[in-house]
Amino acid sequence: MQMHFEDGVTVHCHEYPPEEGNGQTLVFLHGLGLDRTIWNELIPYFAGHCRIVLYDLPGHGLNADLKENSLDWDFITADLRRVLKALEITSAHLIGHGIGASAAVQFCRSYPECVDRLVLISLPVKIPADLIRRKITERKRRLLKEGADALAAELAAFKTSLPVHTSAFQIVRETYRRMNPDVYVGFMQLFMEGDGWKELKFIAHRTLVLAGECDPIYVTAASLAVGVLPSASFLIVPGAANMPFVEQPGTTALWIEQFLHRKDSRPLADEPLVRELRDTLQLFLEEGEKQAALAQVLKIDLLGSFRVFLNGREMVDGWNRRYAKSLLVYMIFHPTATREELCDALFPQISGKAALRNLKVYLNHFKNMLQSFEGGSSIVSVDREYVRLLCLLRCDLLDFLKELEEIRTIDENRRYEPAGRLLARLPDPLLPGLYDEWFVEKKNWLEMEVSDLASWMAEKEEQRGSRQRAAAYRQMAARFLFDREPEYREGAAVNGRRGKTAVERRRKNG
């Protein structure tokens with residue numbers, strides 16, 4: 001089937017209409033360097049009772065013509081969107097393999113209303129950029145030296161566990177032989193420049209992640225991806241590598257079919273144990289296993305309570321003495337600070353020289369507290385001018401602020417799900433027991449942001465006809481505007497009176 005669009009682009013796809021009734025709509029997105037024919041072993045399991053659309057990604061298969069500078073995710077998702085519009089498909093299940101799975105995630109991120117459920121096969125996430133660059137160089141060299149046949153054979157052997165003499169292996173190799181090398185390299189660079197991991201946490205749709213047991217790279221990547229996806233299941237297909245739909249089509253089809261017909265179950269993603277485990281897995285992923293093993297890891301909880309963990313060991317005592325808590329909280333936001341900055345922020349009511357003398361005592365206590373073990377080295381570095389935290393820093397408040405900023409920047413049509421999940425995690429009270437003047441200003445700002453977001457959610461719930469949920473969000477918005485705890489108001493007022501002219505006084509006294 002050919003589709004001709006106003007910008008002169010012709011898109012090819014193939015459709016299998018259902019033989020009975022309307023059926024579910026399945027859209028298949030192939031992997032890098034392949035084309036829609038790679039699904040041929042899987043299609044018979046769904047043909048007849050489902051509407052099936054096979055679509056060649058831009059630059060692949062019959063859609064080989066690619067406009068200059070058009071290889072980006074916005075173009076790829078918009079291209080798929082207009083194909084679905086032309087076919088009068090309002091929503092569908094997306095089944096993607098490799099870079100097609102990445103395209104499915106990007107499409108779901110841009111057009112969530114068009115997606116029912118996701119099936120992500122051998123999803124590539126967090127592959128180091130240096131590794132991708134090396135593979136691009138190696139494959140370019142092999143292509144020039146040995147030609148397309150040799151590279152296609154290498155890719156088929158790397159991607160499948162199939163014996164070389166089988167017809168299925170020959171099909172995969174022939175498909176790779178037809179690929180456009182420039183498009184192949186362009187997609188690898190596109191993947192390298194993006195951050196598919198960041199996109200996953202905004203996908204609220206029910207998702208099935210599949211990987212083959214003989215694929216050591218993508219089994220690891222897929223298991224970590226499930227740790228980020230809010231609502232996902234993970235299955236490992238036995239007897240398969242990167243292409244289980246070619247190597248084990250019957251098992252793959254059965255598991256996809258069961259997933260598509262499965263009713264939603266109660267999610268466990270918000271359980272504290274699950275959140276803690278996901279945080280740990282993300283730490284290993286983001287910082288690297290080696291770095292995480294060698295680094296000192298300082299984890300601080302601030303949102304609903306104050307707790308500190310150094311390398312997994314909770315540090316309970318000493319925080320209410322000698323400004324230790326205030327020093328730590330300030331350095332969460334300023335891991336490198338001058339002594340003058342610390343004095344201005346933490347005790348502005350004291351003159352300059354006296355403040356610096358006191359700070360010397362407080363820093364000694366603070367440094368001794370933050371030792372990995374008794375007599376061990378401290379993660380606090382202090383010299384004549386600077387104070388530094390030398391560690392990997394994890395803080396629930398920093399994570400919350402980062403997520404809040406991301407939600408503020410996304411389009412309103414895609415904000416509802418992540419905003420609801422963020423507000424559901426909000427503790428009561430918020431940031432208790434912290435009254436330093438600089439932090440009071442930050443808390444006031446955060447409360448206003450949360451109130452605005454809760455008000456926005458209330459409007460959305462009204463539009464959806466959910467008055468009870470709308471009332472709950474309005475109550476949340478009002479709480480952060482008006483119902484601040486008396487202890488907080490008193491502490492903030494005291495600090496405000498003390499700090500009113502502190503900076504000017506310090507400058508005057510030297």
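# Close-up views of a predicted model

**View 1. Strand β9 sits between two pairing partners.** β9 and strand β15 (residues 392-395) pair in the parallel sense over 4 bridges. In this predicted model, lysine 299 has arginine 394 as its bridge partner in β15. β9 also pairs with strand β10 (residues 307-310), here in the antiparallel sense and again over 4 bridges. Across that pairing, aspartate 301 stands opposite arginine 307 of β10. A hairpin of 5 residues joins β9 to β10.

**View 2. Both faces of β9 are covered.** Val297, Lys299 and Asp301 lie on one side. Leu298 and Ile300 lie on the other. In a regular strand, side chains alternate between the two faces of the sheet.

**View 3. The largest nonpolar core has 89 residues.** Phe28, Trp39, Phe46 and Ile256 have the most contacts inside this core. Helix α6 (residues 181-193) gives the largest share, 8 residues. Another core lies apart, with 61 residues. Among its members are Phe333, Ala345, Leu430 and Met457.

**View 4. Which residues does tryptophan 39 contact, beyond its neighbours within four places in sequence?** The list includes Phe28, Leu29, His30 and Leu54. Ile95, Gly96 and His97 are also in contact with tryptophan 39. Ile121 and Phe245 complete the set.

**View 5. Helix α6 carries an N-terminal cap.** The capping residue is asparagine 180. One of its side-chain oxygens lies 2.9 Å from the backbone nitrogen of aspartate 182. α6 has 13 residues and reaches 19 Å from first C-alpha to last. That is close to the 18 Å expected at 1.5 Å a residue. Buried residues of α6 include Val183, Tyr184, Val185, Gly186 and Phe187. Met188, Leu190, Phe191 and Met192 are buried too.

**View 6. Leucine 404 is found in helix α16 (residues 396-409).** Leucine 404 has a relative accessible area of 2%, so it counts as buried. Its C-alpha is separated by 8.0 Å from that of alanine 419, 15 residues apart along the chain. Setting aside neighbours within four places in sequence, leucine 404 is in contact with Leu422, Trp445, Leu446, Glu449 and Leu453.

View 7. Glutamate 88 has phi near 60°. It is found in the loop between α1 (73-86) and β5 (92-97). Glutamate 88 counts as exposed because its relative accessibility is 68%, above the 50% cut-off. Serine 122 has phi near 50°. Serine 122 lies in the loop between β6 (115-121) and α3 (129-146). With a relative accessible area of 1%, serine 122 is buried.

**View 8. A cis peptide bond joins aspartate 428 and proline 429.** Omega is about 5°. Most peptide bonds are trans. Proline 429 lies in the loop between α17 (416-424) and α18 (437-463).

**View 9. The whole chain sets the context.** The protein chain has 21 helices and 15 strands. Buried residues make up 50% of its 510 residues. Of the contacts with a separation of 6 or more, 72% join residues 24 or more positions apart. The accessible surface comes to about 25400 Å². Carbon and sulfur atoms account for 49% of that surface.

How values were computed:
Residues numbered from 1 in each chain as written. Predicted model: local features only at pLDDT ≥ 70, side-chain atom pairs only at ≥ 80, totals over all residues. Heavy atoms only, no water. Buried < 20%, exposed > 50% of the residue type's maximum accessible area, 1.4 Å probe, protein only. Core = buried A, V, L, I, M, F, W, Y, C linked by side-chain atoms within 4.5 Å. Contact = heavy atoms within 4.5 Å. Areas by Shrake-Rupley, 256 points an atom, 1.4 Å probe, with all protein chains shown as cover. Expected span 1.5 Å × (residues − 1). Polar contact = N/O pair within 3.5 Å; in protein donor to acceptor, adjacent residues only side chain to side chain. Pairing = 2+ DSSP bridges.
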